[in-house]
Structures are given as C-alpha cells and as structure tokens.
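Open the model in a viewer and keep the selection panel at hand. The stops below each give a selection and what it contains.

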Amino acid sequence: MDIVFLFYDGMTTLDAIGPWEVLSRLPGARAFPVARDGGAVTTDTGLKFDGLRAMADVARADVLVVPGAGDVRPQVADPRTLDWLRAVDATTRWTTSVCTGAVILAAAGLLKDRRATTHWAAMNALRRLGAMPVEQRVVEHGKYVTAAGVSAGIDMALTLAARLVDEPTARALQLAIEYAPDPPFDAGTPASAGPETMARALALLAANAPKP
C-alpha cells in the first residue's frame with residue numbers, strides 16, 4: 001500500500017508529520033514524500049527534508065496526503081502540481097488533505113461540490129474554489145477525507161486507518177502514539193477561544209505568513 005505525501009517549501013510541518021506518524025505504521029504501508037522536482041524542501045519551521053522523489057517519477061498512489069501551509073498560493077498557481085494531483089487522484093483509493101491542503105485539492109478541481117474542511121481561517125477560500133466547507137475536525141465525502149487545521153491531521157489519519165485496515169488497528173495505533181488530547185486551554189476553536197484570542201491568532205498568522 002503506497003501512501004504518498006506531497007511535500008513543498010513552506011508547508012506546515014505537523015500537517016505532514018502527524019499523519020505520517022500514524023499512516024506509516026499501518027501493516028504493509030510504504031509511505032514516502034514527493035516534491036515537485038524532487039530533492040529537498042524546507043518546512044515553515046525550518047525543518048529540511050532531502051532525497052525526495054520527483055512528481056514525474058510517481059504516477060500512482062493508494063493514498064494521497066496533501067498538507068497545508070500558511071501560504072498555498074504557489075501550489076494553487078502551479079499547473080504542474082495541479083495536473084499531478086489530478087492524475088494521481090485518478091489512481092487512489094483515498095485522497096486526503098490537512099489544513100489548507102484542502103485549498104490545493106480544491107484548486108485542482110477535486111473538491112468541486114464536495115463537503116470538505118480546512119483551517120478556520122481558510123474556509124472562504126475553500127468555498128470560492130467550489131467546495132462545500134464544513135466546520136468539523138474531519139470530513140469524509142466519498143474517497144476524499146479532509147482535516148481541519150494542523151493537529152486535526154492526526155484525527156484524519158486515525159479515521160483513515162480504520163477505513164484502510166479496521167477500527168481495532170486504528171485504536172491500537174492511537175494508543176501506540178499515546179494520542180489522548182488534554183490541552184491546557186480551551187482555545188482550540190474560534191467558538192471557544194473568544195474575540196481577543198482570535199485577534200491574537202490572526203496577528204500571529206499574519207506575522208508568520210510569507211510576504212507576497
């Protein structure tokens with residue numbers, strides 16, 4: 001079972017690494033990253049990955065995982081990336097995304113008239129690209145499974161593990177990685193955070209976004 005992750009410069013580290021931690025442990029899984037031209041990419045936190053395969057060398061996948069970024073405009077505007085996504089999607093059992101990775105899938109036309117989720121700050125972008133945004137941690141629509149912001153990628157991967165193998169295996173993986181969220185603050189959603197925390201979060205996102 002080939003699980004292919006799209007890697008690119010500036011991607012959000014946990015968007016990819018959270019699902020990788022789960023999905024790479026599935027029985028028979030072969031997880032590997034792919035980049036536009038192969039070689040190396042650097043994430044938004046400066047973590048560097050090298051020795052990646054090029055898109056041109058990967059024509060299929062059983063599972064496709066597309067992480068997000070603070071700025072996905074380079075991917076949304078890149079015909080090669082979008083063409084590759086459409087071609088690989090035609091071969092997948094499951095096509096998935098984390099955070100604003102859903103915006104990239106939508107730009108490729110893969111979420112047209114489908115329910116999907118993304119980071120709370122990108123819901124309008126998802127809607128403009130033809131998807132039907134849903135405010136949930138994980139949304140399934142046919143073979144498309146999308147996760148909300150960043151940490152929700154782990155929830156998506158566990159959901160997918162149950163579909164790919166079975167629920168007992170997914171439960172065992174959850175225990176193996178000791179995924180038992182108990183955050184110190186109730187500020188993980190716009191509804192629970194309140195306006196002051198929301199304003200601070202938006203300022204942090206703006207400060208860390210690449211300049212156009």
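Select helix α6 and colour A152, G153, I154, M156, A157, L158, L160, A161 and L164: these residues are buried, meaning under 20% relative accessible area with a 1.4 Å probe and protein chains only, where over 50% is exposed and anything in between is partly exposed. Helices (H or I, at least four residues) and strands (E, at least two) are DSSP runs, numbered from the N terminus. This is a predicted model, in which local features need pLDDT of at least 70 and side-chain atom pairs count only at pLDDT 80 or more, while totals for chains, interfaces and linings use all residues. Residues are numbered from 1 along each chain as its sequence is written, and side-chain values use heavy atoms, with hydrogens and water left out.

Now show what surrounds α6. Its buried residues pack against α1 (13-23), β5, β6, β9, β10 and α7 (167-176), with contact taken as heavy atoms within 4.5 Å. From first C-alpha to last, the 13 residues of α6 reach 18 Å, close to the 18 Å expected at 1.5 Å a residue; the expected span is 1.5 Å times one less than the number of residues.

Next, select the strands. An open sheet of eight strands has the order β3-β4-β2-β1-β5-β6-β10-β9, with mixed pairing; two strands pair if DSSP finds at least two bridges between them.

Zoom in on β2 (residues 30-35) and β4 (residues 48-54), which run parallel and are joined by two bridges. Pick A35: its bridge partner in β4 is A54.

Move to helix α3 (residues 79-89), where T81, L82, W84, L85, V88 and D89 are buried. They lie on the same side of α3, because they cover an arc of only 160° around the axis, taken from the directions from the helix axis to the C-beta atoms.

Last, select F5, F7, W20 and F49, which form one aromatic cluster. Rings of Phe, Tyr and Trp (its six-membered ring) pair if their centres lie within 6.5 Å; planes under 30 degrees apart count as stacked, over 60 as edge-to-face and the rest as tilted. The count by this rule is three aromatic pairs. F5 and W20 are tilted, 4.8 Å centre to centre with 45° between the planes. This pair links F5 in strand β1 (residues 2-6) to W20 in helix α1, 15 residues apart. F5 counts as buried because its relative accessibility is 0%, whereas W20, at 24%, counts as partly exposed.
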